[in-house]
Amino acid sequence: MKPALALFLALTLAAPATMAANPQGDAKALLAWLHKARVDVNRAGKSGDKVALQRIKRDAYQRFHAWPDDARHADYMDCHSAVTDMIGFLEAYERKDYTWRDRKQRHFQQDLASCERAVKK
């Protein structure tokens with residue numbers, strides 16, 4: 001049990017440290033995950049797989065909390081906002097609040113496009 005706890009703590013504590021090394025690399029990695037997660041959300045939503053949607057939401061929360069809040073990452077904050085919008089979308093989907101879900105979907109698309117532009121610079 002102790003080695004598993006040590007491994008978990010090492011990975012949890014190392015995630016923010018590795019993200020602070022290269023802001024553009026962090027944004028590229030998050031952008032790649034956002035594209036993959038969007039495909040997974042669409043697939044799980046069409047098939048009604050609530051377990052997969054919950055897994056994606058948990059992963060989104062982990063990425064949300066791992067994103068560094070520093071000045072070096074300021075140019076890529078739209079990537080972080082896209083994760084926030086994805087979480088809001090998934091929570092609205094669970095509550096069956098379709099108006100809020102559609103609003104978060106539009107915000108996600110806008111933030112994702114801004115993130116793509118920032119990463120291309």
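Tutor: Start with a term: helices (H or I, at least four residues) and strands (E, at least two) are DSSP runs, numbered from the N terminus. By that rule the protein chain reads α-α-α-α-α along its sequence. It has five helices and zero strands. This is a predicted model: local features need pLDDT of at least 70, side-chain atom pairs count only at pLDDT 80 or more, and totals for chains, interfaces and linings use all residues. Residues are numbered from 1 along each chain as its sequence is written, and side-chain values use heavy atoms, with hydrogens and water left out.

Student: Why is histidine 80 called buried?

Tutor: Buried means under 20% relative accessible area, exposed over 50%, and partly exposed in between (1.4 Å probe, protein chains only). Histidine 80 has 13% relative accessibility, so it counts as buried. Its place is in helix H4, residues 77-95. Of the 121 residues of the protein chain, 35% count as buried.

Student: What makes the pair of histidine 80 and phenylalanine 64 a polar contact?

Tutor: A polar contact is a pair of N or O atoms within 3.5 Å. Within protein, one must be able to donate a hydrogen and the other to accept it, and residues adjacent in sequence count only if both atoms are side-chain atoms. A polar atom of the histidine 80 side chain lies 3.3 Å from the backbone oxygen of phenylalanine 64. Contact in general means heavy atoms within 4.5 Å. Leaving aside neighbours within four places in sequence, histidine 80 is in contact with Leu30, Phe64 and Trp67.

Student: How do you know that aspartate 40 is buried?

Tutor: Its relative accessibility is 14%, so aspartate 40 counts as buried. Aspartate 40 lies in helix H2. Its side chain makes a polar contact with the side chain of arginine 43, at 3.3 Å.

Student: What makes a set of residues a nonpolar core?

Tutor: The set holds buried Ala, Val, Leu, Ile, Met, Phe, Trp, Tyr and Cys residues joined through side-chain atoms within 4.5 Å. The largest one here has 26 residues, and Trp33, Leu34 and Met86 touch the most other members. H2, helix H3 (50-66), H4 and H5 each supply at least two residues of this core. H2 gives the most, with eight residues. Tryptophan 33 touches Ile56, Asp59, Ala60, Arg63, Val83 and Met86, not counting residues up to four places away in sequence.

Student: Why do nonpolar side chains gather?

Tutor: In soluble globular proteins, nonpolar side chains tend to be buried together.

Student: Which residues of H2 and H5 meet?

Tutor: Gln24, Ala27, Lys28, Leu31, Leu34, His35 and Arg38 in H2 meet Phe108, Leu112, Cys115, Glu116 and Val119 in H5. These divide into seven nonpolar, two polar and three charged. Here Ala, Val, Leu, Ile, Met, Phe, Trp, Tyr, Cys and Pro count as nonpolar, Asp, Glu, Lys and Arg as charged, and the others, Gly among them, as polar.
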